[in-house]
Amino acid sequence: MAENESGQEKTEQPTPKRLREAKEKGQVPRSRELSTFLVLMAAGGFMTFFGPTMGGQLAEQTAGRFDIERDLAYDSSLLLPYLSEQIFMTLHTLLPLFGVLMVAAVLAPILIGGANFSWQAAKPKASKLNPLKGLKRIFSWQGLMEFGKTFAKFVLIAGVAMSVLWAFSDRLLMLGYEPLEQAIAHAAQLALGTFVAVSAALILVAAIDAPFQMWNHQKQLRMTRQELKDEYKETDGKPEVKQKIRQLQQEMAQRRMMEEVPKADVVITNPTHYAVAITYEASRMAAPKLVAKGVDEVAASIRAVADEHKIIRVEAPRVARAIYFTTDLNQEIPNGLFVAVARILAYVYQLKRADADVAMPDDLPVPEDYLDPQQPRGRRRNR
């Protein structure tokens, strides 16, 4: 298996981030054999369908160039524009073929690597001019693979070409007995047939090379487990940093919560472990709302802020625990606690009116499952 400089084996598949960075550097799978095959087949297909028409036009243009006026041949001022015109006519005739080849050359690499242009890959690199590194690349495993492909391609093309020529040998010999124009047309057909056959033979090389290039690209980008861990830290942040961020977020949320305690109508306690602050405005609330809650140290802070702002505190352990387990901040209390909280608020409102004879209500109904933190919160709230 491949190893990095630290000696660790690259056994892990590349992550999307590593693939994206490689693409930005121009490292994408490419198969030259597939591109060559598609370009040659595009040329062969075009010439098969449009070659006779194009050949006729070129033959007519060539014949016309041997029949020019005497004055044109001896007058340089007329000869240059005439030559320019003839070159333009030839290029105009060949333009469709050039267009097909250009489109095929552009689209062929996209088939396995996608469209990609990287300025980093386009930058000149001095390392590529180093002859020692060049020799190292030539005699590397990759260089040997390229040599093997080239040799196999040569053997394949030579074998196919010899087979085609052997099959066409009788027709080639008969060309000498045909009229000139007919022999030229037949020779062009034989040459085109040989070209298409040889080009089609490259499909075997392309069918092997394209998957190999995709596999080799993935292999080169494989990562060690340490690289995966380092990337995870860079992407998601180091655990200690994330913990510090969560701590800061909790502190900010707690400060905002403490700012709401002075607005509460009552703070219900356990009396020491739990504390919840409740507010209720009949004109704009359908039910009392929880503005602060906490356990242990946070509960102590809530009690301290309540005492500082003279918010009435009521000891109702079961109600405090039930609200803590069932209700989120800035959320209305669940249906099952309406009666208990309503009685507590009534008691608080009587205290605010300086009614000295009012007594803390004893009957504060709390469903048992409201006291179990393991119970699904949604089911308890809908009761």
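Colleague: What percentage of the contacts in the protein chain with a separation of 6 or more comes from residues 24 or more positions apart?

Modeller: A contact means heavy atoms within 4.5 Å, and in this protein chain residues 24 or more positions apart account for 72% of the contacts with a separation of 6 or more. This is a predicted model, in which local features need pLDDT of at least 70 and side-chain atom pairs count only at pLDDT 80 or more, while totals for chains, interfaces and linings use all residues. Residues are numbered from 1 along each chain as its sequence is written, and side-chain values use heavy atoms, with hydrogens and water left out.

Colleague: How many helices and strands does the secondary structure of the protein chain come to, and what percentage of the residues is buried?

Modeller: Helices (H or I, at least four residues) and strands (E, at least two) are DSSP runs numbered from the N terminus, and the protein chain has 16 helices and five strands. Burial is read from relative accessible area, with buried under 20%, exposed over 50% and partly exposed in between (1.4 Å probe, protein chains only); of the 383 residues in the protein chain, 29% are buried.

Colleague: Why is E2 described as largely enclosed by the rest of the structure?

Modeller: Six of the six residues of E2 are buried, so the strand is largely enclosed by the rest of the structure. Tyr-274, Val-276 and Ile-278 point one way from E2, Ala-275, Ala-277 and Thr-279 point the other way, and all of them are buried. Strand E1 (residues 266-269) is likewise covered on both faces, with Val-266 and Ile-268 buried on one side and Val-267 and Thr-269 buried on the other.

Colleague: How many salt bridges does a search of the whole structure find?

Modeller: A salt bridge is a side-chain nitrogen of Lys or Arg within 4 Å of a carboxyl oxygen of Asp or Glu, and the search finds seven of them. One of these joins the side chains of Arg-318 and Glu-368 at 2.8 Å, N to O. The pair links distant parts of the chain, 50 residues apart, with Arg-318 in helix H14 (residues 317-326) and Glu-368 in the loop between helix H15 (338-352) and helix H16 (377-381). Arg-318 is partly exposed at 37% relative accessibility, whereas Glu-368 is exposed at 55%. In another, the side chains of Arg-343 and Asp-363 meet at 3.1 Å, N to O. This pair too links distant parts of the chain, with Arg-343 in H15 and Asp-363 in the loop between H15 and H16, 20 residues apart; Arg-343 is partly exposed, with a relative accessible area of 33%. A further salt bridge brings together the side chains of Arg-284 and Glu-281 at 2.7 Å, N to O, and here Arg-284 is exposed at 57% while Glu-281 is partly exposed at 33%.

Colleague: Which residues does Leu-175 touch, not counting residues up to four places away in sequence?

Modeller: With those neighbours left aside, Leu-175 touches Ala-183, His-186, Ala-187 and Leu-190. Leu-175 sits in the loop between helix H9 (169-174) and helix H10 (180-220), and it counts as buried because its relative accessibility is 17%. Its C-alpha atom is separated by 9.8 Å from that of Ala-185, ten residues apart along the chain.

Colleague: Which residues line the second largest pocket?

Modeller: Rolling a probe the size of a water molecule over the atoms shows where empty space is left. The lining consists of Met-47, Gly-51, Pro-52, Gly-55, Gly-56, Ala-59, Ile-184, Ala-185, Ala-188, Gln-189 and Leu-192. A pocket is an open set of points on a 1 Å grid over the protein atoms alone, where a 1.4 Å probe fits, with protein on both sides within 12 Å along at least five of seven lines, and lining residues have an atom within 4 Å of a point. Helix H2 (32-65) and H10 each supply at least two residues of this lining, and the largest share, six residues, comes from H2.
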